[in-house]
There are 2 protein chains.
Amino acid sequence: MDRYELYYWPGLQGRGEFVRLLFEDAGVDYTDVARLPEEEGGGARAVVRILKSDSRLPPLAPPVLKHGELLFAQAANICHYLAPRLGLVPSDEPARCAALQHQLTIADVVAEVHDTHHPIASGLYYEDQREEAKKRSAIFLADRLPKFLGYFERVLEHNGGWLLASGFSYPDLSLFQLVEGLAYAFPKGFGRAQATLPRVTALRDRVAARERIAAYLASERRLPFNETGIFRRYPELDPS
Amino acid sequence: MDRYELYYWPGLQGRGEFVRLLFEDAGVDYTDVARLPEEEGGGARAVVRILKSDSRLPPLAPPVLKHGELLFAQAANICHYLAPRLGLVPSDEPARCAALQHQLTIADVVAEVHDTHHPIASGLYYEDQREEAKKRSAIFLADRLPKFLGYFERVLEHNGGWLLASGFSYPDLSLFQLVEGLAYAFPKGFGRAQATLPRVTALRDRVAARERIAAYLASERRLPFNETGIFRRYPELDPS
């Protein structure tokens, strides 16, 4: 069987983490290529290499999945491809559409979280857009976060605690990751919102307690959140 | 056969347009529900009704596709579902993964275009974030647009003029729409960039010349771009 190879920048969770969680929950072996030592072909160079390969047409940005002859990008696309292979989504089309819809809505929130610290340009330093970041973060916490997570709260209520009525599936892993990231980046703002999100909080706890996820979170494979990723803790963006 | 029903805000192209183009190119009949007269169940109320229906769990935001018992959202998800049914993507998995990858990358650009005029909050008026919008637009035109469209230019070169090596497919329709929108919003900035994008420009022309697309663009079904959509022409965001 072809081996799964994930390419993502080493040193941060980023969008690669949404893919890693599928492999880890399924207990399926994969190579996180850029986290190999450089002498074994790893490091950031591995990502650059796959994005610059001229023998085939590479994607614009990581995460990139290589599986046999297949090579493609976009985290939601990768999850959509992997999930039926890893037993993380029912095989019927209504379930797969619902799962991808949730995954893309989570990706929308992730993009908005990124822009709380980079509202003007991802190519500029945070310090050069801090004032705008304060404005955007305040509105994100006041309006956007309750809108999105309130929606997921209703979905979980409707479906018995998971995003799909059929039970646990891959977007639950991504919602877990979103909640973990928000709790890291906005301990005060998200902490206040959590009181109104009992089902989202319970989902986070149940995913964290899944045997292979718990082992993963306790391992060195799970990178810590830090200020190079999507979810960044800048106290001035999370006032009391 | 079940009828395709699209729900999207009337009066603007928005993200609904990426779905409409598939139906129009395929020549497949569909109901653009909110554009029916109110007395026939249309208008913005139709969108509100589908988002608030309590008999099933509706998505968070339009576009929404209803097809028989299926009801789901996210434009890229809807296109991915429709394309094999409408003959707009090859049926093999590598092609479907490549197509969805392109569709999601185009969606990333669309989200960035939206934020050129709403960098702080989609819930605030443009006028209340105009200074930040000027900053974000300048960087979008200088850095992001060349990065994204330069990438698509390379893909088109590699694949003989279409995004997939197998020939025309649904993300080509979306790239057409992106180019049309950019040309509307940034006649100066995009006009300058176009000189370096001969294949992107040629793709736009070839899609516009497709028989059913040409008929659609000339019809009243094609809404004009305007300043309530994603692509907005604000001269101060597109200086000489």
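Let's take contact to mean heavy atoms within 4.5 Å. With that cut-off, and leaving aside residues up to four places away in sequence, R144(A) touches E112(A), I139(A) and S122(B). Keep in mind that what you're looking at is a predicted model.

R144(A) is a handy place to start. You'll find R144(A) in helix α5 of chain A, which covers residues 130-158. Two of its neighbours deserve a second look. Within chain A, the side chain of R144(A) makes a polar contact with the side chain of E112(A), at 2.7 Å. Over on chain B, the side chain of S122(B) is joined to the side chain of R144(A) by a polar contact of 3.4 Å.

That second contact takes us to the interface. Here 41 residues of chain B are in contact with 41 residues of chain A. Between them the two chains bury about 3,500 Å², and 62% of that area is on carbon and sulfur atoms. What about the polar side of things? Between chain B and chain A, 21 residue pairs are in polar contact, counting pairs with both residues at pLDDT 80 or more. The salt-bridge rule finds 6 salt bridges across the interface.

Which elements of chain B supply at least two residues each to the side that touches chain A? They are β4 (70-73), α3 (75-86), α4 (93-117) and α5 (130-158). Of these, α5(B) gives the most, with 11 residues. Sort the residues on this side of chain B by type and you get 21 nonpolar, 9 polar and 11 charged.

Two packed helices are described by the angle between their axes and the distance between the axes. For α3(B) and α4(B), the axes come within 10 Å and cross at roughly 150°. The crossing in which α3(B) passes α4(B) is right-handed.

Which residues make this contact? From α3(B) come A76(B), C79(B), H80(B), Y81(B) and P84(B), and these meet R96(B), L100(B), Q103(B) and L104(B) of α4(B).

Note on methods: Residues numbered from 1 in each chain as written. Chains lettered and ligands numbered in written order. Predicted model: local features only at pLDDT ≥ 70, side-chain atom pairs only at ≥ 80, totals over all residues. Heavy atoms only, no water. Buried area = accessible area lost by both parts, 1.4 Å probe. Salt bridge = Lys/Arg side-chain N within 4 Å of Asp/Glu carboxyl O. Polar contact = N/O pair within 3.5 Å; in protein donor to acceptor, adjacent residues only side chain to side chain. Helix = DSSP H or I, 4+ residues; strand = E, 2+ residues; numbered from the N terminus. Nonpolar A, V, L, I, M, F, W, Y, C, P; charged D, E, K, R; others polar. Axes fitted to C-alpha atoms, helices over the stretch in contact; angles between N-to-C directions. Left-handed = near helix turned anticlockwise from the far one by under 90°.
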